Amino acid sequence: MRVEIIRISDEPIEAWSDDLRVEGEAIGEIVASGPNVTRSYFGRDEATRLAKIRGPGGETMHRMGDLGWRDAEGRVWFCGRKSPRVTTRDGTLFTEPCEAPFAAHPDRKSTRLNS
């Protein structure tokens, strides 16, 4: 498996280019390639156009729809799904980093059902 972090886009990306990669520890879209990555979605041409990139050697690279960043040790950190991110004039809010402080707050109401 090969994992890349690329700049976030909601548009199709037809072919791989090294300039798609984000720099350093920037948050971007997680892309995977390898022998277990499918070439297309059955009967879903538009979904295939949005999720698949033709790799430099003709292989298929899959845009996961997940966002994350790679640390200095090469680990990938998950920041949430791409679709629910919120873009403001001050920057982009990603679900996982935003939800953690709220989930840990002592005044948070429990969502568990009492039985």
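Two strands count as paired if DSSP finds at least two bridges between them, with strands (E, at least two residues) and helices (H or I, at least four) taken as DSSP runs numbered from the N terminus. The model here is predicted, so local features need pLDDT of at least 70 and side-chain atom pairs pLDDT 80 or more, while totals for chains, interfaces and linings use all residues. Residues are numbered from 1 along each chain as its sequence is written, and side-chain values use heavy atoms, leaving out hydrogens and water.

Five bridges tie S4 to S2 (residues 28–33), running antiparallel, and Glu 29 has Leu 67 as its bridge partner. S3 (residues 52–54) is also antiparallel to S4, through three bridges, with Arg 54 opposite Thr 60. Five residues sit between S3 and S4 in their hairpin, where Gly 58 takes a positive phi near 90°. On to S5 (residues 76–81): five bridges join this strand to S4, again antiparallel, and Arg 70 stands opposite Val 76. That hairpin has five residues between its strands too, and Gly 74 in the turn shows a positive phi of about 90°. Eight of the 11 residues in S4 are buried (under 20% relative accessible area, 1.4 Å probe, protein chains only).

The lining comprises 14 residues, with Ala 51, Arg 63, Met 64, Gly 65 and Arg 81 nearest the pocket centre.

Terms used:
On a 1 Å grid over the protein atoms alone, a cavity is a set of points where a 1.4 Å probe fits but cannot get out, and a pocket is an open set with protein on both sides within 12 Å along at least five of seven lines; lining residues have an atom within 4 Å of a point. Buried means under 20% relative accessible area, exposed over 50%, partly exposed in between (1.4 Å probe, protein chains only).
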